[in-house]
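Dear colleague,

Please find the structure below, handed over for your records.

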Amino acid sequence: MGLLIAILVMVCLVLLVIDIAHLQNSRYLMKQVQRLTREDTNAELKLAAPERKMQRVFLSINQLLRVTRNRQIYYINKERELRKQMSNISHDLRTPLTSILGYISLAKDEQISEEERRGYLDIVEKRAKILQELITGVYDLSRMEEDKYVLNQEAIQLNNILYEVLALYYNEFEAREYDCNIKIEESVPEIIGDRNAMVRIYSNIIQNVLRHGIHKLDVSLAVYEDRIETVISNDTDEITKEDLPKIFDRFYMADRMRTGENTGLGLAIVKKLSELMEGQVDALYENTMFGIKIIWPLRKQVQKYGTRGC
């Protein structure tokens, strides 16, 4: 009988200890929650006394807190990025628009010659095209990021498209006395992609060369067993290796240049369009040469589309 009473006393003591620990943890939890609601802190919940069941609850709550904080940090960064982009858009709209209004005012002057008037109107047209490029770029990039940009997938020859784009800018490279080194393989298998999007990709890269290059252009298109690689490089004194991680960000080059001649969207569109067509894009820099490399997979295209010759 005495042993039974001793066991019952021990059980009661254990239950009492558990109850006290539970009560301590409950009170401590309330204090921590109140602190978390009052203060901006990264602190996590802690137990006041050891308790296995409450420990599991606290671990789950702490995991939820970490997820919530990470989401909060993500949205704060996105908001900052959006504000910065809006500021950049405002600047890039205002710069050519101010120029347009100024030259329109000059063109209205009855004292100027007809030749001067045409010159002013030519400048107005150039600035208006910059505005159109910016607005179109922002709109298209937004559609790409929302998966609303429609691609017309078909079999295309990358080498022919690259030749066509280079031919479009031949006179500009000649006028600026560029040293051009072109190595494009003649026998290139077809890949599946959007022809207009591919023209835009290569055009944006070439335009970037003309804006920021000095006098050297290297273009190569090589075929490997499982891929086609395109590399377009130019010498530059405006880009360093430190710029590479941000080179495809919206408005990055506009942030550096701010001349009103560059929207800073060209390479961002290059990257997004390439990825939509399953291409891989990288920025390169070595010995003052900045380049864009795009890898187009071949085996993947065969499996998906069965294109002949890949």
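**Helix packing and the sheet**

The crossing of α3 and α8 is left-handed, meaning that the near helix is turned anticlockwise from the far one by less than a right angle. Helices (H or I, at least four residues) and strands (E, at least two) are DSSP runs, numbered from the N terminus. The model is a predicted one, in which local features need pLDDT of at least 70 and side-chain atom pairs count only at pLDDT 80 or more, while totals for chains, interfaces and linings use all residues. Residues are numbered from 1 along each chain as its sequence is written, and side-chain values use heavy atoms, with hydrogens and water left out.

Helix α3 spans residues 114-145 and helix α8 residues 266-276; they pack at an angle of about 35°, with their axes 10 Å apart. Here axes are lines fitted to C-alpha atoms, for helices over the stretch in contact, and angles run from 0 to 180 degrees between N-to-C directions. On the α3 side, Gly137, Leu141, Met144 and Glu145 meet Ala268, Ile269, Lys272, Leu273 and Leu276 of α8, contact being heavy atoms within 4.5 Å. These residues divide into six nonpolar, one polar and two charged; Ala, Val, Leu, Ile, Met, Phe, Trp, Tyr, Cys and Pro count as nonpolar, Asp, Glu, Lys and Arg as charged, and the others, Gly among them, as polar.

Within α8, Leu267, Ala268, Ile269, Val270, Leu273 and Ser274 are buried (under 20% relative accessible area, with a 1.4 Å probe and protein chains only). The buried residues of α8 pack against α3, α6, β6 and β7. Glu278, which follows α8, has a positive phi near 70°.

The open sheet has five strands in the order β2-β4-β5-β7-β6, with mixed pairing; two strands pair if DSSP finds at least two bridges between them. Its edge strands, each pairing on one side only, are β2 (179-184) and β6 (280-286). From one strand to the next, the twist averages 10°. β6 pairs with β7 (residues 289-297) in the antiparallel sense over seven bridges, and Ala283 stands opposite Ile292 in β7. Helix α6 (residues 195-212) packs on the sheet, touching β4 (216-223), β5 (227-235) and β7, and its direction makes about 20° with that of β5. α8 also packs on the sheet, touching β6 and β7, with its direction at about 15° to that of β7.

Overall, the protein has nine helices and seven strands, and 37% of its 310 residues count as buried.

Note on methods:
Buried means under 20% relative accessible area, exposed over 50%, partly exposed in between (1.4 Å probe, protein chains only).
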